[in-house]
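Here is a short report on helix packing and aromatic pairs. Two packed helices are described by the angle between their axes and the distance between the axes.

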Amino acid sequence: MAGLSKIFLSLFETVLVILFLDYILISDDSKKQAKFVLFVVYFWFQCISYFIDFTFFSTSVYYIVLTAFIAVTCYLDEIRIKLIASSVFVTLNYACKLLATNLISGLSDTPLPKNPFEYVLTLPMQTTACIMVLSVIFFIRKVPKKANKFVGLLIFILPLMNLYQTMQLLGSNNNMYFEITLLLFGYSFFLLFTIEQIIHSVQSQQRFDSMQHILEVQQSHYQDLEEYSNQMSRLRHDLKNHLSILNDLISKGNLEQAKSYISSYSHEITSTKTVITTGNQVVDSILNSKIKKAKNVNIEVNCEIVIPPDFRLPNTDLAIILSNLLDNSIEASSKLNTNTYINIKMKLHKEALFINISNSFDGQLFISQNQFLSTKKSKKGHGLGLGNVIYIVKKHKGTININHTENEFSVSILIPNAYY
C-alpha cells in the first residue's frame with residue numbers, strides 16, 4: 001500500500017509541475033513529444049526519490065536542473081523567465097514540504113531533528129505538501145497578470161521580510177523549520193512577482209517596437225492615400241474630355257480608333273495605385289506598406305479581407321503577426337523568377353479572427369529544433385519572425401498551423417475572442 005501511495009505522490013507532483021509551468025509559461029506545441037518524454041523522466045525521478053527516502057534538500061539540485069531543462073526545452077518564453085519559473089516551483093515545493101512538516105509534527109507531537117538535512121518526510125507530510133502546492137497554484141492563477149501598485153509594494157516588502165527572518169534565524173534557537181519555511185515562501189513569491197515584472201517589461205518593449213513600426217507604415221500609408229486621391233481627382237477631371245472624344249469618334253464611325261482609345265484609357269486606370277481599405281487603420285497601414293513592397297519585386301498580391309474596424313486583440317499584437325508573416329512571404333516569393341504570389345485572407349468567425357497567408361516559394365526549408373529558419377545570408381534573427389508570431393498567438397490562446405507543398409508555404413491562425 002505504501003508503494004502505491006508513493007507512485008500516486010510521484011504522479012501528483014508531476015501533474016503539479018505541469019500545471020505550474022503551463023500557467024506561468026507559454027507551451028511550445030512543436031515540442032509536445034519532447035515534453036511528454038521529459039515529464040515521464042520527471043515522474044520516474046520522483047518515484048526514485050520517494051522509494052529511496054532521500055533526506056530533506058538532498059535532491060534539490062537535481063530538481064532544479066530537471067525542472068529548468070523542461071522549461072527551457074518545451075516553452076516559448078525568454079530564457080530568464082523560464083529559469084526563474086523553474087526555480088520558483090522547486091522553492092515553492094520545498095516551502096510547502098517544510099510547512100507540512102511543521103503542521104503535522106505539531107499536531108502529532110513528533111519531535112523534529114535540529115538539522116533538516118537529516119529528516120525524511122512521511123507520506124502524510126508529502127501528501128499535505130502536494131495539496132498545499134496545488135492550492136498555491138490556484139491562488140496565483142487568481143492574481144492579475146499585470147503590474148500594479150500592490151505588486152510593486154510586495155516586491156519592496158518581501159526582500160526586507162526575508163532579511164529580517166534571516167537575522168532572526170541566525171540569532172535564535174527557535175523552530176528552524178518554521179523560520180526556513182517563511183524564508184522559502186517569501187523567496188518564492190518574490191520570484192513570482194519578479195517574473196510578472198519581467199513579462200510586463202518585455203511586453204511593453206514589444207508594444208513600443210510595434211507602435212514604432214505602425215507609425216512608420218501609417219506615414220507611408222497616408223502618403224499612398226494622398227497620391228491615390230490625387231490620381232482619382234485627375235481621372236475625374238479628365239473623364240468629361242475622354243467621353244467627349246469617344247462620343248466624337250463613335251459618331252463619325254471611327255470604331256477602331258474608339259477601341260484603341262478605350263484600351264489606352266483602361267491601361268491608365270488599371271495602372272492607378274491601388275489602396276486597400278478595410279476600415280481598420282492598423283491593418284490598412286500594414287497591408288498597403290507590405291503590398292507596395294511586394295509589388296516592387298513583381299509579386300502579385302491577392303486579398304480577401306472582411307474585418308471590423310476594431311478588435312479586442314491589441315493593435316500591437318496584430319501588427320506583429322501581419323508584419324512578420326508578410327515579410328516572410330515577400331522574402332520567400334522574391335527568390336522565384338516567375339509565378340510569384342501572396343494570398344491574404346482575413347475574416348471573423350463568430351468572435352474569432354481567422355488569418356491565412358500563403359505564398360509561392362522554392363521548396364527549400366531550413367528547420368532546426370522544429371523551427372522554420374530564414375534563408376537570409378545573415379544568420380542573425382533566424383526564425384525570430386515566425387517565433388514571435390507563434391508567441392503572440394499562444395499568448396491569446398489561439399492556434400497556428402503551418403503547411404507547405406513543393407510550391408506553396410501557408411500559415412493559418414485562429415485567435416478566439418478577438419472581437420468584442
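Helix α2 (residues 32–52) and helix α3 (residues 60–74) have axes that come within 10 Å and cross at roughly 170°. That makes α2 roughly antiparallel to α3 (angles over 145 degrees count as roughly antiparallel). Axes are lines fitted to C-alpha atoms over the stretch in contact, and angles run from 0 to 180 degrees between N-to-C directions. Helices are DSSP runs (H or I, at least four residues), numbered from the N terminus.

This is a predicted model: local features need pLDDT of at least 70, side-chain atom pairs count only at pLDDT 80 or more, and totals for chains, interfaces and linings use all residues. Residues are numbered from 1 along each chain as its sequence is written, and side-chain values use heavy atoms, leaving out hydrogens and water.

Contact means heavy atoms within 4.5 Å. On the α2 side, the contact residues include Leu38, Phe45 and Ser49; those of α3 include Tyr63, Leu66 and Ile70.

Now the rings. The structure holds 8 aromatic pairs. Rings of Phe, Tyr and Trp (its six-membered ring) pair if their centres lie within 6.5 Å; planes over 60 degrees apart count as edge-to-face. Two of the pairs are tabulated.

| Pair | Centre to centre | Between planes | Class |
|---|---|---|---|
| Phe43 and Trp44 | 5.5 Å | 65° | edge-to-face |
| Phe45 and Tyr63 | 5.1 Å | 80° | edge-to-face |

Phe45 in helix α2 and Tyr63 in helix α3 are 18 residues apart. Both are buried (under 20% relative accessible area; exposed means over 50%). Phe43 counts as buried at 16%, whereas Trp44 is exposed at 52%. Ring pairs also link Tyr42, Phe45, Tyr62, Tyr63 and Tyr94 into a cluster.

Terms used:
Helices (H or I, at least four residues) and strands (E, at least two) are DSSP runs, numbered from the N terminus. Angles under 35 degrees count as roughly parallel, over 145 as roughly antiparallel, 65 to 115 as roughly perpendicular and the rest as oblique. Rings of Phe, Tyr and Trp (its six-membered ring) pair if their centres lie within 6.5 Å; planes under 30 degrees apart count as stacked, over 60 as edge-to-face and the rest as tilted. Buried means under 20% relative accessible area, exposed over 50%, partly exposed in between (1.4 Å probe, protein chains only).
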